[in-house]
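Please look over the model below before reading on.

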Amino acid sequence: MPYDETAMLRQCHPMFKSVLLRILADLRNQGWQPKIVYVKRTEAEQAEKVKQGYSRTMHSWHLESTIGVLPTVHGGFDIVRGNAADVVDARYGWGGQAARLDFPFWKALGATAKKYGCTWGGEWKSFKDVAHVQMLYIEETPRHQALV
Ligand SMILES: [Zn+2]
């Protein structure tokens, strides 16, 4: 299937989309050829990634169903949602030189993602997910009742 960046970006929350577009443009200015491999996954796709060892969690921001809960100072709680994208350099993917965690593209992706306010999976302690960038957001009014 040919790479369809527009289709990938269509899966993103508008805020994440605008940030991701800046990250991609910045990486291209650095001479890289960034390609979005994943934005959303179904529960079944994520379960398969976990089984294959490519992911460690079903609480992934690639899943539509993932939410976080943060207590507010007023005794209620905020619902946190998020978006994630896996980005590789089209010339390397995850193979060859890119199989090394210190491959320069991963460092460039991490630095650039952080520059635009995203979290980079390459900095995670237990499982370095070097292609992964994510952003969390709260846009709903705080709730004061338990979720059912
Ligand atoms: Zn990911």
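What follows is a short briefing, grouped by topic.

This is a predicted model: local features need pLDDT of at least 70, side-chain atom pairs count only at pLDDT 80 or more, and totals for chains, interfaces and linings use all residues. Residues are numbered from 1 along each chain as its sequence is written, and side-chain values use heavy atoms, with hydrogens and water left out.

**Fold and overall shape**

- The protein has four helices and five strands. Both are DSSP runs numbered from the N terminus: helices are H or I with at least four residues, strands are E with at least two.
- The order along the sequence is α-α-β-α-β-β-α-β-β.
- The C-alpha trace spans about 50 × 35 × 30 Å along its principal axes.
- Of the contacts between residues at least 6 apart in sequence, 59% join residues at least 24 apart. Contact means heavy atoms within 4.5 Å.

**Burial, surface and charge**

- Buried residues account for 43% of the 148 residues. Buried means under 20% relative accessible area, exposed over 50%, and partly exposed in between, with a 1.4 Å probe and protein chains only.
- The accessible surface comes to about 8600 Å², and 56% of it belongs to carbon and sulfur atoms. Areas come from the Shrake-Rupley method with a 1.4 Å probe; for residues, only the protein chains shown count as cover.
- The mean positions of the 19 positive and 15 negative charges are 4 Å apart. Lys and Arg count as positive, Asp and Glu as negative; His and the chain ends are not counted. Charges are placed at NZ of Lys, CZ of Arg, CG of Asp or CD of Glu.

**Zinc site**

- His-62 (NE2), Asp-86 (OD) and His-132 (ND1) coordinate the zinc ion at 2.0 to 2.1 Å. Donors are N, O and S atoms within 2.8 Å of the metal (3.2 Å for Na, K and Ca); water is not among the atoms, so sites may look incomplete.
- The donor spacing in sequence is H-x23-D-x45-H.
- Asp-86 lies in strand E3 (residues 77–89) and His-132 in strand E5 (residues 132–137), so this pair ties together parts 46 residues apart in sequence.
- Asp-86 is buried at 4% relative accessibility. His-132 is buried at 4% relative accessibility.

**Thr-72**

- Thr-72 sits in the loop between strand E2 (68–71) and E3.
- Thr-72 counts as buried, with a relative accessible area of 17%.
- Beyond its neighbours within four places in sequence, Thr-72 contacts Phe-77, Asp-78 and Pro-142.
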